[in-house]
Amino acid sequence: VRLRVHHVDGLAADGGAAMFERTRVRLRMHVLPGALSNVEGALRSQLNQSILKYVPALEGVPLAFTSLRALKAHARIQDELPDLHMPVEVVVLLFRPKVGTVLEGIVTRSSRDVVSVLVLSVFTASIRLGGASGGAHAREGDRVRFSVSGVGVASDLITLAGIELVVVAHADGGASRSISRSKSHKRGAERGTCAEPATHDAHAAKRRKRIEKSRA
């Protein structure tokens, strides 16, 4: 389902580097005659199909839809199609990281050159390390903090690139330490592009389950 966004009003954002934003949007939606007994349920079902998927018109990933309301008392039938078209307004909670946003996550893979991180247990990030140092310091299961240097989209899923990796807490409870800064991603941040999106989405969930099981 592609959301047909007609208008966007910003409601709340914590500065230019906010991780979440709450936005009021106006949409053109439709329902089939069989859904007339529960129009709101049909509309929410359509909206929920966009959750956790990148929506270009909103420049972010919807996490939740609230305050749904119809803007007109009547719907409209177009041509000979059975769909009933109606304008609605809804408040959307968006995950909308930008270059410079500081995020935290759990390391799912660590090598000499790249550290892969899972953010909010959903979104993936890759931090390319410069030189021979850094990768060995961040281990699988560590909680780390990094600065976003680029945002990319692949198959409706958002991917992140980062720099300035810092270990917040080791999986074994050790002290935190700074890792490194990626020169290539620093240049990407200046251009506002993602130099190398994460490619480990298929393995992230399995690694997270293994980590949680080992902690139990």
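**Helix packing, barrel and cores in a predicted model**

Among the elements that cover the buried residues of helix α1 are strands β2 (20-31), β3 (61-70) and β5 (84-95), where a contact is counted when heavy atoms lie within 4.5 Å. Helices (H or I, at least four residues) and strands (E, at least two) are taken as DSSP runs and numbered from the N terminus. The buried residues of α1, which spans residues 39-48, are Ala42, Leu43, Gln46 and Leu47. These residues lie on the same side of α1 because they cover an arc of only 140° around the axis, the arc being that of the directions from the helix axis to the C-beta atoms. Buried here stands for under 20% relative accessible area, exposed for over 50%, and partly exposed for values in between, with a 1.4 Å probe and protein chains only.

The model is predicted, and local features need a pLDDT of at least 70 while side-chain atom pairs count only at pLDDT 80 or more, although totals for chains, interfaces and linings use all residues. Residues are numbered from 1 along each chain as its sequence is written, and side-chain values use heavy atoms, with hydrogens and water left out.

The pLDDT, which is the predictor's confidence in each residue on a scale from 0 to 100, has a mean of 75 over the protein chain, and 69% of the residues reach 70 or more. Confidence is highest in strand β7 (residues 114-119), at a mean of 94, and lowest in helix α2 (residues 183-191), at a mean of 41. Over residues 131-136 the pLDDT is below 50, and this stretch has 11 contacts in the model beyond near neighbours in sequence. The pLDDT also stays under 50 over residues 179-204, for which the model has 57 contacts beyond four places in sequence. Where pLDDT is low, the predicted coordinates should not be read in detail.

The secondary structure of the protein chain consists of three helices and 10 strands, and from the N terminus on the elements follow the order β-β-α-β-β-β-β-β-β-β-β-α-α. Of the 216 residues of the chain, 40% count as buried. Among contacts between residues at least 6 apart in sequence, 59% join residues at least 24 apart.

Five strands close into a barrel in the order β6-β7-β8-β10-β9, with mixed pairing, two strands being taken to pair if DSSP finds at least two bridges between them. The twist from one strand to the next averages 50°, where axes are lines fitted to C-alpha atoms (for helices over the stretch in contact) and angles run from 0 to 180 degrees between N-to-C directions.

Strand β7 has partners on both sides in this order. Strand β6 (residues 102-110) pairs with β7 in the antiparallel sense over four bridges, and β6 and β7 form a hairpin with three residues between them. Val107 has Val117 of β7 as its bridge partner, and Ser110 has Val115. Strands β7 and β8 run antiparallel and are joined by six bridges, with Val117 standing opposite Ala125 in β8. Six of the six residues of β7 are buried. Val114, Ser116 and Leu118 point one way from the strand, whereas Val115, Val117 and Val119 point the other way. In a regular strand the side chains alternate between the two faces of the sheet.

The hairpin of β7 and β8 has three residues between its strands, and Leu120 there takes a positive phi near 60°. Leu120 counts as partly exposed because its relative accessibility is 40%. In strand β10, where Glu164 is found, Glu164 has a positive phi near 55°, and this residue counts as partly exposed because its relative accessibility is 38%. Most residues other than glycine have a negative phi.

A nonpolar core is defined as a set of buried Ala, Val, Leu, Ile, Met, Phe, Trp, Tyr and Cys residues joined through side-chain atoms within 4.5 Å. The largest such core has 20 residues, and those with the most contacts inside it are Val117, Phe146 and Leu165. The elements that give two or more residues to this core are β6, β7, β8 (123-128), β9 (143-154) and β10 (157-169), and β10 gives the most, with four residues. A second, separate core of 18 residues includes Ala42, Leu68, Leu84 and Val88; Ala42 is also one of the buried residues of α1.
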